[in-house]
Amino acid sequence: MSRLIVVSNRVSVPKAAGAAGAQGGLAVALNSALREHRGIWFGWSGQETEEFTGHLNMQRINDVTTATIDLEPQDIDEYYNGYANRTLWPLFHYRIDLTEYDRSFGEGYERVNARFATSVIPLIEPDDLVWVHDYHLLPLGSMLRRKGINNRMGIFLHTPWPPTRLLVSLPFHERLVASMLEYDVIGFQTQEWLESFMHYVSKEMGLPVNDDGTIEYQGRKILAKAFPIGVDYDEFVEGARSAEAQEAYDRLKASIRGRKLMIGVDRLDYSKGLGERFESFGRFLTDNPDQAGNVVLLQIAPPSRGDVASYQQIREDLERKTGHINGAHADVAFVPIRYVNRGYPRSHLAGFYRAANIGLVTPLRDGMNLVAKEYVAAQDPEDPGVLILSQFAGAAQQLTEALLVNPHSIEHVSEAIKRALDMPLSERKQRHAKLLASVRDEDVLRWREDFVAALFGQADGNGTNGDK
Ligand code: ADP
Ligand code: F6P
C-alpha cells in the first residue's frame, strides 16, 4: 500500500480521545482517514515564528504522524487571513460583496505555497501519493512539479466552487486555475461544484473535456470528479452510545425540562446563515404564540478566523440578534436561544444531537456540511429527530429526505420548524431510515477509498464513483 502524504493548511489532531474535537469538516475527516492509512499529515502548526526556517516539527499523536512548520506574522496576515479567508473563502461561498482583492494577499499566498512546497519535499518518497486539501493550497501542486516531484498528486476542495461569472472577478483567475491542472486528480464535494469547474475550464480556457470526466491540458489528462465527503460512521455511532454521550444527553434533557429542543452546531462563519436562522426562530415564536415557552434553540458556535473583520462583524450581529430575540420572547424561567461559543468533545456533541428534536442546518452556501450527517447518525432510529437542511448545502444532494429549505426565507424556515415539530413518528422514522442509509453508505471511509483509487489512476470517469 502506498503511503499518503496529506497536506492541508492546518494540522489538527485531538491530543486524546475525549478531548474537545477538531472543529471543521476537513480536520474531522482527515483524522479518521489518517488513522487507517500509513502516512504523514503536513501543514502549518498554527504558530508564529519571527523568521521562517522551514524546520519540521514531527510528532506522533493519537496514531497519526504529523509534520508542521511555523509561519511568519506577515505570512499569516497575507496568506491565511488575507488571500485564503478575505479573498477565496467569500468568493467561493458566492459572497462577492465580502471579497477583498489586495495584491499583497496574492503575493503572500504564493510565498506561503512555495514555503509549503520546500518544506514538504524532504518527506516525499518516490511511491507516495500526495493528497492536498482545500483552497489555501491550490497552486501547491504546480510548485511541487516545478521542483521535480513526479508523484501522483491530487487536490480535494472542501468548499463550493463558484460559478464562472463570479470567478472571473478574481484577478489572475486563469493563472490560479491553470496551476490546479498540475494535479492528476481534482476532487469536489458535489456534482454542482464539479460542473462549475468544468464550465470554467471548457468555456474560459477552451480546454477539451472528455466524456470520462478528464480534462486535456498540455498533453496530460486530469481527472476532475465529485467525491462527497462523509462522517466516520462507525466511530460516531460508537461515540453516540458511550457513557459520556449519555451523560451529555441526560444533562441537556434535564435542563430543558420537557420542552422541545432544536440544535445548531457550526463554526461562527457568515456562510452558515446563523443570523437568518435566529430570525426564523424568532418568526416561529411570533407566529405560533401557543408554542411560547415550549421550544428551545441550542446554538453551539465556536469562534473562527477572529482576525478577519467580517467574522468580527458576524459575531457582533449574532450577539445583538440573540439579545433581541431573547428579550422579546423570554420569561422568568425560560430563554428561547441558548448561544454557546465553545468546542465540545465529539461524544458530547453526539449526546446533544440525540437530545434534539430538530437539527437545524441552514447554511447560505456550504461545500458539504458534516453536521447534517452527524445529526442523522446520532439519532435513536426508534424515535428520531427531524433534520431541517438548507438546499444550498452540498449535503442536500444526498440527504433528500430532510426537510429542505431556502435559508434566505425566514417564513419558509419558520414553517419548516412547525412542520418538523408536528411530524408524526411514522414519517420521522421513514425519513430517518433513508437518511441514515445514505450517511452510513457514503461515509468517510468510502470517500477516502474513492479518492485514493482515483489517485492511483483506478477511478472511472463521469464524476461518479467507481465500483468498489
Ligand atoms: P466546516 O468544515 O465549514 O466547519 P462542517 O459542518 O462540514 O463545516 O464540519 C464542521 C465539523 O466541526 C463537524 O464535524 C462538527 O462536529 C465540528 N464542530 C463544529 N463545532 C464544534 C464544536 N463546538 N465542538 C466540537 N466540534 C465542532
Ligand atoms: O472545511 C472547511 C474549512 O475551511 C477547512 O479548510 C478548515 O480547516 C476549517 O474549515 C476550519 O477553518 P480554519 O482552519 O480557518 O479555522
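**Close-ups of a parallel sheet in a predicted model**

**View 1. Ile263 faces Gly359 across the strand 10–strand 13 pairing.** Ile263 sits opposite Gly359 of strand 13. Strands 10 and 13 run parallel and are joined by two bridges; strands count as paired if DSSP finds at least two bridges between them. Helices (H or I, at least four residues) and strands (E, at least two) are DSSP runs, numbered from the N terminus. This is a predicted model, where local features need pLDDT of at least 70, side-chain atom pairs count only at pLDDT 80 or more, and totals for chains, interfaces and linings use all residues. Residues are numbered from 1 along each chain as its sequence is written, with chains lettered from A and ligands numbered from 1 in the order in which they are written.

**View 2. Strand 10 meets strand 11.** Here six bridges link residues 260-265 with residues 295-300, in parallel. Ile263 has Leu298 opposite in strand 11, while Met262 has Leu297 as its bridge partner.

View 3. Six strands line up as 12-11-10-13-14-15, with parallel pairing. Strand 12 (337-340) and strand 15 (403-405) are at the edges with a single partner strand each, so one side of each lacks a neighbour in the sheet. From one strand to the next, the twist averages 20 degrees (angles run from 0 to 180 degrees between N-to-C directions, using axes fitted to C-alpha atoms, for helices over the stretch in contact).
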